[in-house]
Each structure stands twice: as structure tokens, then as C-alpha cells.
Amino acid sequence: MPLNLSNHDTKWMHHALRLAKLAATQREVPVGAIIVQGEQCIAEAWNQPIANHDPTAHAEIMALRRAAYHLKNYRLIDTTLYVTLEPCVMCAGAIIHARVKRVVFGAYDKKAGAAGSRFDILRDTRHNHQVECVSGVLADECRECLTDFFRKKT
């Protein structure tokens, strides 16, 4: 059971999961992300590297860009990022630089995850900012979304 699980976290993860399913309809790996500040969703995104011809167009990066534009600040103070898959190293670095307060994710990525499974970049005390992480929120649903996508792809 994830730490600090709340109805609030579950509600927002359902939102991110809907975005992941949207990504799948666009033949993108189904990962969805939203950024919440207070009670308001200030950005939402899904994986778009294929459509954008951009290897950095992960759901988290796209959401960070949109949130920064919304706030007119590259620092995303007091925000929570909800994402259906554990962030990778690239996304973890961007999350740290943006000063996101908290990351809540669904499924672990045992091959490339950077929030506790393969690496633990977000909480590494060698950085000047550490990010609170909550894992496993709607993990089964998030994992199933990815599994179904790759099963249909083969």
C-alpha cells in the first residue's frame, strides 16, 4: 500500500489514466501526467514523442512545460505531478529542476524508473531539492493499460 494515499491522489490518478488511454489511441506509449497546484489541475499531457518527433516529449516533460507556461515561471513550487508510470531519469531531472514538491505515480518501471525501482534520483540527497514520492496509486490499472497496449502492438 502506498504511503500518503488519499482520495485526492486516487481522483487525480484517474485523470492521468484517462490521458494515458488517450495516448494509446494515438499509438503512443500510454503514459498520462497532470500537475496539480492546490485543488486545481494546471497542466495535463500524455506521451507524444512519436507524433512530435521528439524523444523528450514524455508525458511528464509535456506537463512540466504546460504548467510552467501557465504559471509563467519555470519553478513549479507547491505542485504535485501525477503520472501513470514511474518517471525515467530524464523526467526525474526535469522534475527536480522545476522544484516539483511531490510526485505520485502508478506503475513501477523496473527497467528505467528513477523514483525508487531502478534509481532513486528524486530523493537523492546529493541534489539541492528532493521530491516526495508516492508510488503504487492505481498501480494495477496503470500497469494493465501499458500491458494491453504492448499486447495489441505485437
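## A tour from ring to sheet

Start by selecting Lys-11 and Trp-12: the charged end of Lys-11 sits over the Trp-12 ring, 4.4 Å from the ring centre. A charge counts as over a ring if NZ of Lys or CZ of Arg is within 6 Å of the ring centre and within 35 degrees of the ring normal.

Before moving on, note that this is a predicted model, where local features need pLDDT of at least 70, side-chain atom pairs count only at pLDDT 80 or more, and totals for chains, interfaces and linings use all residues. Residues are numbered from 1 along each chain as its sequence is written, and side-chain values use heavy atoms, with hydrogens and water left out.

**Stop 1: the sheet**

Show the strands. Five of them form an open sheet with mixed pairing, in the order S2-S1-S3-S4-S5. Strands here are DSSP runs of E with at least two residues, helices are runs of H or I with at least four, and numbering goes from the N terminus. Two strands pair if DSSP finds at least two bridges between them.

Which strands stand at the edges? Select 40-46 for strand S2 and 132-134 for strand S5. Each has a single partner strand, so one side of each is left without a neighbour in the sheet. From one strand to the next, the twist averages 20 degrees.

**Stop 2: strand S1 and its partners**

Select residues 32-37, strand S1, and residues 79-85, strand S3. They run antiparallel and are joined by five bridges. Ile-34 stands opposite Tyr-82 in S3.

Find Gly-32: its bridge partner in S2 is Trp-46. The hairpin of S1 and S2 has two residues between the strands, and Gly-38 there takes a positive phi near 65 degrees.

**Stop 3: helices on the sheet**

Select residues 7-25. This is helix H1, which packs on the sheet and touches S1, S2, S3, strand S4 (102-107) and S5. Contact means heavy atoms within 4.5 Å. The direction of H1 makes about 145 degrees with that of S1. Axes are lines fitted to C-alpha atoms, for helices over the stretch in contact, and angles run from 0 to 180 degrees between N-to-C directions.

Next, select residues 139-153, helix H5. H5 packs on the sheet too, touching S3 and S4, and its direction makes about 60 degrees with that of S4.

Go back to H1 and pick His-15. Is His-15 buried or exposed? His-15 is buried, with a relative accessible area of 18%. Buried means under 20%, exposed over 50%, and partly exposed in between (1.4 Å probe, protein chains only). Leaving out residues up to four places away in sequence, His-15 touches Ile-34, Cys-41 and Glu-44.

**Stop 4: helix H3**

Select residues 59-71. At 1.5 Å a residue, the 13 residues of H3 should span 18 Å, and the end C-alpha atoms are 18 Å apart, which agrees. The expected span is 1.5 Å times one less than the number of residues.

Colour the buried residues of H3, among them Ile-61, Met-62 and Leu-64. The buried residues of H3 pack against S1, S2, helix H2 (49-52), S3 and helix H4 (89-98).

Step off the end of H3. Lys-72 follows, and its phi is positive, near 55 degrees. Lys-72 also lies over the face of Tyr-69, at 5.2 Å from the ring centre.

**Stop 5: aromatic pairs**

Rings of Phe, Tyr and Trp (its six-membered ring) pair if their centres lie within 6.5 Å; planes under 30 degrees apart count as stacked, over 60 as edge-to-face and the rest as tilted. How many aromatic pairs are there? The count comes to two.

- Phe-105 and Tyr-108: edge-to-face, 5.2 Å centre to centre, 85 degrees between the planes. Phe-105 is buried at 0% relative accessibility, while Tyr-108 is partly exposed at 40%.
- Phe-149 and Phe-150: edge-to-face, 5.1 Å centre to centre, 80 degrees between the planes. Phe-149 is buried at 12%, while Phe-150 is partly exposed at 40%.

**Stop 6: two arginines**

Most residues other than glycine have a negative phi. Select Arg-27, in the loop between H1 and S1. Its phi is positive, near 65 degrees. Arg-27 is exposed, with a relative accessible area of 68%.

Finish at Arg-99, in the loop between H4 and S4. The phi of Arg-99 is positive, near 65 degrees. Arg-99 counts as buried, at 17% relative accessibility.
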